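User: I would like to learn how to read a structure like this one. Can you take me through it feature by feature?

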Amino acid sequence: MSLPHAILTALLEKPSSGLELTRRFDRSIGYFWSATHQQIYRELGKLEADGLIRALPSEQPARGQKKSYEVLTAGRAELARWTAASQDPKPHRDTLLLRLRAAAVVGTAGLEADLRRHLRLHERQLAEYREIEERDFPPGRDGTEDRLRHLVLRAGIDLETFWTQWLSRAVAEFAELPDGEPTSPA
């Protein structure tokens, strides 16, 4: 249910076409709620059919022209309702953690290299988030919108910091393990 709300949020920030939304997802919302081009277009159609958004009138004939959308009063009300509603956290699912658990019984062959690869990926993502923070949140930007957006970015920074620290510890632990054999009999 969150993709429609992510789209409503983005459209309230700035009326956009589907292509513009896709680009904006790639640059911001997609860091924590990803969606494909097709998913965004499909959801725009549903939101329009539900009366939550509308296509802005075009100055030229619509054929071949991109449609831009804006949020209607009902869409703003739905987003406000959803924002205020209580939600329980979702259980964390991570295949890397499951693979580590499986390695305890089948052996660790190949896993250390992938842990190192994950570490590099998380280090790059952390560096990117820190660059965004430095660029987009200089001292003095303390309006409500900026503070809340910065809070979301800080969540990303804190998560990537956790993963880089944990993966560094995991790689160090792997260096102390025996030759990759299972730790318990098959």
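This is a predicted model: local features need pLDDT of at least 70, side-chain atom pairs count only at pLDDT 80 or more; totals for chains, interfaces and linings use all residues.

User: How many residues does helix 6 have, and what is its reach?

Analyst: Helices are DSSP runs (H or I, at least four residues), numbered from the N terminus. The expected span is 1.5 Å times one less than the number of residues. Helix 6 (residues 111-136) has 26 residues. Its first and last C-alpha atoms are 37 Å apart, close to the expected 38 Å.

User: Which residues of helix 6 are buried, and what covers them?

Analyst: Buried means under 20% relative accessible area, exposed over 50%, and partly exposed in between (1.4 Å probe, protein chains only). Among the buried residues of helix 6 are Leu 111, Asp 114, His 118, Tyr 129 and Glu 133. Their cover includes helix 5 (95-106) and helix 7.

User: How do I read a salt bridge?

Analyst: Side chains of opposite charge can pair when their charged atoms come close. The rule here is a side-chain nitrogen of Lys or Arg within 4 Å of a carboxyl oxygen of Asp or Glu. The count comes to 12 salt bridges. One of them joins Arg 117 and Asp 114 at 2.8 Å, N to O. These two are three residues apart in helix 6, so about one helical turn separates them. Arg 117 is partly exposed, because its relative accessibility is 38%. Asp 114 is buried, at 13%.

User: Which salt bridge links distant parts of the chain?

Analyst: Arg 154 and Glu 133 meet at 3.4 Å, N to O. Arg 154 is in helix 7 and Glu 133 in helix 6, 21 residues apart. Arg 154 is partly exposed at 30%, whereas Glu 133 is buried at 17%.

User: Which residues form the nonpolar surface patch?

Analyst: Patch members have over 30% relative accessible area and no salt bridge; like charges are joined within 9 Å, nonpolar side chains (Val, Leu, Ile, Met, Phe, Trp, Tyr) within 5 Å. Areas come from the Shrake-Rupley method with a 1.4 Å probe; for residues, only the protein chains shown count as cover. Phe 32, Trp 33 and Val 152 form the patch, with about 300 Å² of accessible area together. Val 152 sits in helix 7 (residues 144-175) and is partly exposed, at 39%.

Key:
Residues are numbered from 1 along each chain as its sequence is written. Side-chain values use heavy atoms; hydrogens and water are left out. Contact means heavy atoms within 4.5 Å.
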